[in-house]
Amino acid sequence: MKARPVTVGGLAADIAARVGKAHATRVAVDGAPTAGGDVLAARVVEQLRADGGHAVHIPAGGFLRQASLRLERGRTNPDAYYEDWLDLRAITREVLGPAAAGGTGRVLPSLWDPVTDRATRAAYLDLPAGAVVVVSGTMLLGAGLDFDVTVHLTQTPAALARRTPPEMQWTLPAFQRYDDEVLPQDIADVVVRADDPRHPAIVL
């Protein structure tokens with residue numbers, strides 16, 4: 001696997017340029033929590049705004065399903081983490097559909113707070129035509145979510161295990177299953193090695 005080292009800022013600029021060239025309005029930054037996806041997504045939004053566009057960052061973590069559904073198979077079930085945690089319909093209905101070309105532009109930045117297990121009651125955002133939403137999260141690809149540009153942050157199993165906190169080690173089989181079943185490195189538009197998120201490298 002050949003890769004070109006790049007700074008986080010340089011990576012954000014590269015992704016922003018790709019988004020602009022494609023006239024994309026829906027961007028995924030996909031990766032394990034240890035890969036720095038939220039930071040990168042925020043930097044991409046900053047770059048898009050600096051380039052004169054309108055963009056917002058929406059973490060997928062604000063669209064987890066309620067605990068009674070998310071944890072129905074237990075609090076440490078890796079298959080449930082893979083299959084049941086993210087509310088795909090809500091993301092499509094409240095973010096990706098409205099942000100699509102010709103959509104209403106009225107997007108919801110978050111729906112559910114997993115800590116309080118209650119609705120966030122966030123206010124809708126009315127985006128102008130051509131605005132970009134950058135959604136960061138875990139296992140976003142291959143799930144039927146409709147993105148225009150997809151970025152996958154890949155980590156070796158050793159790096160992922162090393163950076164995952166002890167209390168979240170139970171999720172590791174879910175990431176292995178994701179890699180085996182979805183093959184995100186093969187379907188993403190941009191693949192980034194992020195064993196150390198501070199020193200990414202674009203896979204060529």
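## Close-up views of a predicted model

**View 1. Arg-177 is partly exposed, with a relative accessible area of 22%.** Welcome to the structure, which is a predicted model. That 22% puts Arg-177 in the partly exposed class, because buried means under 20% and exposed means over 50%. Which residues does the side chain of Arg-177 meet in salt bridges? One is Asp-79, at 3.0 Å from N to O. This pair links distant parts of the chain, with Asp-79 in helix H4 and Arg-177 in helix H7, 98 residues apart. Asp-79 is also partly exposed, at a relative accessible area of 36%. Another partner is Glu-181, where the distance from N to O is 2.9 Å. Glu-181 and Arg-177 are 4 residues apart in helix H7, so about one helical turn separates them. Through shared partners, salt bridges join Arg-177, Asp-79 and Glu-181 with Arg-73, Glu-83 and Asp-84 into one network.

**View 2. Here a salt bridge brings together the side chains of Asp-148 and Arg-26, 3.0 Å from N to O.** Why does this pair tie together parts 122 residues apart in sequence? Asp-148 lies in the loop between S8 and strand S9 (149–154), while Arg-26 belongs to strand S2, so the contact reaches across that stretch of the chain. Which of the two partners is buried, and which is partly exposed? Arg-26 is buried, with a relative accessible area of 9%, whereas Asp-148 is partly exposed, at 33%. If you are keeping a tally, the whole structure holds 12 salt bridges.

**View 3. Strand S8 (residues 132–137) is largely enclosed by the rest of the structure.** How many of the residues of S8 are buried? The count is 6 of 6, so the strand is largely enclosed. In S8 both faces are covered. Val-132, Val-134 and Ser-136 are buried on one side, and Val-133, Val-135 and Gly-137 are buried on the other.

**View 4. Strands S2 and S3 each join S8 in parallel.** Strand S2 (residues 26–31) is linked to S8 by 5 bridges, and the two strands run parallel.

**View 5. Tyr-81, Trp-85, Trp-170 and Phe-175 form one aromatic cluster.** The structure holds 5 aromatic pairs. In the pair of Tyr-81 and Trp-85, the ring centres lie 5.0 Å apart and the planes meet at 70°, so the arrangement is edge-to-face; the cut-off for that label is over 60 degrees. Tyr-81 is buried, with a relative accessible area of 10%. Trp-85 is buried too, at 16%. The rings of Trp-85 and Trp-170 have their centres 5.9 Å apart and their planes at 50°, so this pair counts as tilted. Trp-85 sits in the loop between helix H4 (78–83) and helix H5 (88–99), and Trp-170 in the loop between helix H6 (157–163) and helix H7 (172–182), so the pair ties together parts that are 85 residues apart in sequence. Both Trp-85 and Trp-170 are buried.

**View 6. In two places an arginine sits over an aromatic ring.** What sits over the ring of Trp-85? It is the charged end of Arg-70, 5.2 Å from the ring centre. Elsewhere, Arg-106 lies over the face of Tyr-124, with a distance of 4.2 Å to the ring centre.

**View 7. Thr-150 has its place in strand S9.** Is Thr-150 buried or exposed? Thr-150 is buried, with a relative accessible area of 10%. Who are its contacts, leaving aside neighbours within four places in sequence? Thr-150 is in contact with Ala-28 and Leu-141, and also with Ile-187, Ala-188, Asp-189 and Val-190.

Definitions and conventions: Residues numbered from 1 in each chain as written. Predicted model: local features only at pLDDT ≥ 70, side-chain atom pairs only at ≥ 80, totals over all residues. Heavy atoms only, no water. Buried < 20%, exposed > 50% of the residue type's maximum accessible area, 1.4 Å probe, protein only. Pairing = 2+ DSSP bridges. Phe/Tyr/Trp six-rings, centres within 6.5 Å; stacked < 30°, edge-to-face > 60°. Lys NZ or Arg CZ within 6 Å of the ring centre and 35° of its normal. Salt bridge = Lys/Arg side-chain N within 4 Å of Asp/Glu carboxyl O. Contact = heavy atoms within 4.5 Å.
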